[in-house]
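Have a go at each task before you read its solution.

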Amino acid sequence: MERITFMKQNYIVYTGSYAAAEEAGIHGYRLTRGEGGEPRLTEAFAAAGVSNPSYLAVSSDGRFLYSVMEDMTYEGRSGGGVAAFRIHSDSLTLLNTRGTEGTLPCHLLPDEKRGFLYAANYMSGSVSMFRLNADGSVGELCDLKQHYGHGPNEERQEGPHVHYVGYSADEAGLWCADLGIDRIRYYRIDEENGKLVPDEKHDMIFPEGTGPRHFVLNRERRELMYVVSELSSELFVMECGAEENRILQRVSTLPESMENNTCAAVHLSEDGRYLCASNRGHDSIAVYAVDAGTGLLTLAGRAGTKGKTPRDFCLCGDILLSANQDSHTITMLHFDEENGTITDMNREISCASPVCLVGVPEP
């Protein structure tokens, strides 16, 4: 029988969801060890006050939480919003909200070093840039970059759809994944003027209809990027060079016979040895071993999430939590950090429409 060794650390897990402003849309859970060292997930608090807080980010010092407001309007104007909260041990305090001037914001990234916050606006296909105040609240909107174009998928790519913003390898710029135009656009961060400066020669162009959604960078070789494509259910290994970007590898996340699937999240294990991606439709996590030398991927296996539509998941050491949006559950799975296998632990909790999980180690 497989020997299971449980996590050595406790975590706070923040969960974003779709909910009305008067409902508890953000939940905080404690992932702790119970009797015999087995993990337990218990709710610590729930917070209302903002609508559709579907994606969350926590500041590096753990003091502030930022949320999108994935809406079509904000205070009577077109566009969604972003919100800032102060984190307490058993609650959140809303600091303020700001309008993104782009519709359905679905991802955000705090840049505490430079004092900015970036948001990806899915429906309108734009990127918002805000100043961050010293007290953690969101300041003025200082830039808005609109994307243009479309892809061959008439239903999903009728226009630009920015889904994710993340740092370049040197953190001097942002790469912004646009599912609608099969491209990851690059912007240099102009700290002095509070602007995003486009630099098209660093853009990444993907095969038509693939729909790049999210990405992560290799832990050791930061010039290697792993991109999950929502529409084609694939992973791309990209080499991001000074002169050009190129595709090194392209692998499916699905068994050969599977159809009617869209990919969602992609994450690396804490040691960077394994890459995981979630399948919605197949309702599984695909796991790949990352070659220590080349960074290329080899399939290690797939495991069901025991829930419907795994929109996001997080790895807390050897525990994998899956946010199953359409079954309204968070399931707990064991992730073997040595060989990348995932084992069902037959544990779940109820949570209405969970779509984002952020695990933060407790001090």
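**Exercise 1: an open sheet and its edges**

In E20, the residue that bridges to His214 is Val228. Start from that pair and work out which strands make up the sheet and which of them stand at the edges.

Before the solution, some ground rules: this is a predicted model, where local features need pLDDT of at least 70 and side-chain atom pairs count only at pLDDT 80 or more, while totals for chains, interfaces and linings use all residues. Residues are numbered from 1 along each chain as its sequence is written, and side-chain values use heavy atoms, with hydrogens and water left out.

Solution. Step one: E19 and strand E20 (residues 224-229) run antiparallel and are joined by five bridges. Strands here are DSSP runs (E, at least two residues), numbered from the N terminus, and two of them pair if DSSP finds at least two bridges between them. Step two: follow the pairing on, and you get an open sheet of four strands, E19-E20-E21-E22, with antiparallel pairing. Step three: strand E19 (212-217) and strand E22 (245-252) each have a single partner strand, so they are the edges, and one side of each has no neighbour in the sheet. Step four: neighbouring strands are turned by 25 degrees against each other on average, direction ignored (axes are lines fitted to C-alpha atoms, and angles run from 0 to 180 degrees between N-to-C directions).

**Exercise 2: salt bridges**

How many salt bridges does the structure hold? Take Glu171 with Lys113 and Arg280 with Glu230, and work out which parts each pair ties together.

Solution. The total is 17, counting a side-chain nitrogen of Lys or Arg within 4 Å of a carboxyl oxygen of Asp or Glu. In the Glu171 and Lys113 bridge, the closest N and O atoms are 3.9 Å apart. Glu171 lies in the loop between strand E14 (162-167) and strand E15 (173-178), and Lys113 in the loop between strand E10 (105-111) and strand E11 (116-121), so the pair ties together parts 58 residues apart in sequence. Glu171 is partly exposed at 29% relative accessibility, while Lys113 is exposed at 61% (buried is under 20% relative accessible area, exposed over 50%, partly exposed in between, with a 1.4 Å probe and protein chains only).

Now the other pair: Arg280 and Glu230 meet at 3.2 Å, N to O. Arg280 sits in strand E24 (residues 274-280) and Glu230 in the loop between E20 and strand E21 (234-240), so this bridge links parts 50 residues apart in sequence. Both residues are buried. Shared partners join Arg156, Arg213, Glu230 and Arg280 into one network.

One more for comparison: Asp111 and Arg114 form a salt bridge at 2.7 Å, and both are buried.
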